[in-house]
Amino acid sequence: MTQETLLIGLASVLTAATPIVFAVLGETLSERAGVINLSMNGTILLSAMGGFAVAYNTNSLILGFLAGMLIGALVALIVAFAGITLAQSQVAVGFVLALTCRDLSYFLGSPYMSLPGPRLSSLPIPFLSDIPILGTLFFRQDAITYLSFIAILLTWLWIYRTRPGLMLQGIGEKPAAAFIRGANVNLLRYIYTIVGGALIGLAGPTFSLGVRAGWMGTISGLDGFGWIALAITIFGGWNPARGAFGAYLFALLQWLSLVLQPVLTQIPSQVLQVAPFPLMILTLLLVNIGNAEWVERTLAAMPESTRKFFTKLLRAMRASPPAALGVPFERD
Amino acid sequence: MLNIRWSGVVFQIVALLLSLGVVSLILLSVGASPLEAYSNMLKGSVGSTRKLAEVLVSFVPLLLVTAGLLITFSAGLWNIGVEGQIVLGAIASVWVFRIFIDSTLPPTLIIFISIMAGMVGGALWATLAGLLKTFGGVNEIFGGLGLNFVSTALTLYLIFGPWKRAGVASMSGTEPLPDSFSLAQLSGLRISPTALIIAIVGIVLVYFILNGTYFGLKLKAVGKNFRAAYLLGIPTWQYSLYSFLICGGLAGLAGAIQVTAVYHRLIPSISSGYGYLGLMVAMLINYQSIWAIPVAFFFAALNIGSIQLPIVMKLDSSLSGVLQGTLVLFVILVEGIRQKFLKKMMF
């Protein structure tokens with residue numbers, strides 16, 4: 001493999017990861033505020049179908065992307081209403097929406113099956129795209145991929161470097177304390193869930209108008225990405241930068257399974273394509289195992305030096321969910 | 001004051017009407033007649049003995065999976081990995097058949113061993129999710145989802161790898177098993193009475209475990225308040241694992257029945273989404289096992305009835321999923337509103 005084809009391959013990994021990046025960022029925002037949006041798998045499919053349908057009928061890519069965001073925001077609104085206002089199980093509502101939106105996308109999308117529609121073209125940035133290596137990797141992408149780079153940066157800055165971001169962490173960790181500090185916890189939760197939902201909804205058109213252009217119904221292979229994005233959000237420890245890294249890692253693994261296919265001929269190609277999933281569980285295990293009680297007990301029984309090493313190792317990987325995740329907040 | 005129990009029934013009917021209303025609007029939006037769609041689904045599900053038998057074929061795995069999920073839900077667990085547990089049950093069942101393919105043992109015995117193996121396969125796969133939860137700190141939803149993907153990978157690997165069809169491997173599955181390895185079916189119909197009996201026994205057993213045993217009581221205590229149950233001296237993590245074990249066993253049983261009574265081979269989509277659908281049924285009946293039979297039958301009828309839609313009306317059959325989903329969604333929403341309403345009345 002020449003250096004040029006390798007670079008183009010890696011650049012395509014960044015493009016392929018873009019929808020997952022959006023979904024992970026959206027879910028991270030929502031969960032940071034204390035609301036699990038489990039509907040992601042259905043939301044992505046419905047916004048992919050809706051975004052494609054709108055772009056096809058209006059011949060406007062921008063309207064397609066906006067439609068996807070609107071669908072994501074509306075689904076998130078249902079999650080928020082049931083989970084916050086009605087204090088019902090967010091997991092239950094999200095799961096039902098995940099299935100319902102998926103089936104709705106197949107039902108409403110059948111007239112759009114396999115139609116040729118508009119799609120994003122790459123938009124090399126003048127001057128920057130000529131930089132060796134980095135230019136090919138980062139600056140010959142399409143507009144939505146640039147947007148995803150900016151979104152990662154902004155979400156990270158918002159959560160860790162701004163005052164409202166600090167409040168966001170507060171309403172997810174200790175809503176009662178945030179309330180005493182003057183935060184309207186439930187209103188903020190609504191806002192973050194809906195904004196997060198819009199970001200998740202952006203993932204759909206990024207598939208259907210970009211990475212995997214068109215709407216192919218059940219055979220589009222989009223079913224499952226929402227669940228992956230959910231796992232990556234945890235892998236990322238509710239940190240947008242680490243979450244984005246997880247998305248790129250996942251896309252890289254999928255790309256590698258394609259590239260290595262001719263080499264590993266004894267393994268059926270269908271198996272290689274799903275190979276990243278078991279790896280995902282393994283990483284989930286590594287991220288979570290530090291939270292288990294028996295690990296702490298085992299560590300305590302270890303001699304000083306070994307304990308220090310393992311504690312450091314576990315702490316580096318470990319991630320704990322926001323303390324009030326999924327718990328409704330009531331004023332009294 | 002409005003009777004609280006009856007208000008529940010009234011609100012459920014409101015939920016049903018709301019979901020029918022929303023689905024009718026969706027149908028109108030694509031230019032189809034809702035009445036025509038509903039009547040086609042009705043005719044396609046209970047319109048003839050053959051159709052009814054098809055509904056029962058779909059009812060059997062759905063009821064078994066729902067029965068299992070009632071156990072994990074009672075223990076406060078969201079066993080979303082049930083889909084993969086069905087798959088592993090099917091794989092274990094096919095595996096046993098392949099071992100005994102040239103054996104001289106009576107086929108009935110081999111079928112029995114195969115179904116038992118299916119239960120063990122499902123139970124072991126569920127235990128994996130349980131171990132990830134209790135010893136790995138991995139939430140059962142995420143561990144389960146991951147294991148579902150792994151089970152799909154495993155199925156595809158077997159179909160395209162070691163168990164591939166002589167000649168060319170394809171998505172149509174492995175080589176069909178000999179006829180002697182099938183559960184007997186009613187003449188001219190696809191439904192096996194044995195399978196139907198197994199499913200009914202399954203749900204009755206679960207009802208009995210949950211409502212008539214000390215074990216069930218402790219399980220519910222763990223589900224209601226994990227910490228309090230622990231302080232009361234119930235070995236909580238063991239009970240979590242037991243519930244995974246039982247649920248996985250019933251899901252694996254469903255998978256084994258899909259092999260011996262329906263498909264007679266391993267196919268890529270052997271679980272057919274019954275695991276996720278079972279979760280919906282369990283939510284809709286508010287985890288009360290007494291309602292499992294009628295609601296599972298209703299959902300199975302919707303699934304089979306919707307097959308008519310693409311044939312007669314050129315509509316996608318996923319409408320049944322939309323109808324089931326909106327129904328569960330509205331039941332949750334309406335229940336939330338009712339609880340809020342009751343709270344206001346009490347203060």
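I began with the overall size of chain B in this predicted model: for its 347 residues a compact globule would have a radius of gyration near 20 Å, and chain B has 21 Å, which agrees. The radius is taken over C-alpha atoms, and the globule rule is 2.2 Å times the number of residues to the power 0.38.

I noted that residues are numbered from 1 along each chain as its sequence is written, and that chains are lettered from A and ligands numbered from 1 in the order in which they are written. Local features need pLDDT of at least 70 and side-chain atom pairs count only at pLDDT 80 or more, while totals for chains, interfaces and linings use all residues.

Next I looked up the secondary structure of chain B and found 14 helices and zero strands, where helices (H or I, at least four residues) and strands (E, at least two) are DSSP runs numbered from the N terminus.

I then checked helix H6 of chain B, residues 140–160: at 1.5 Å a residue its 21 residues should span 30 Å, and its end C-alpha atoms are 30 Å apart, which agrees. The expected span is 1.5 Å times one less than the number of residues. Of the 21 residues of H6(B), 19 are buried, that is, 20 or more other C-beta atoms, placed from the backbone, lie within 10 Å of their own.

Last, I turned to the two chains together, and found 37 residues of chain A in contact with 39 residues of chain B, contact being C-beta atoms, placed from the backbone, within 7 Å. On the side of chain A that touches chain B, H4(A) gives the largest share, 13 residues.

Note on methods
A residue is buried if 20 or more other C-beta atoms lie within 10 Å of its own, exposed if 12 or fewer, and partly exposed in between; C-beta atoms are placed from the backbone.
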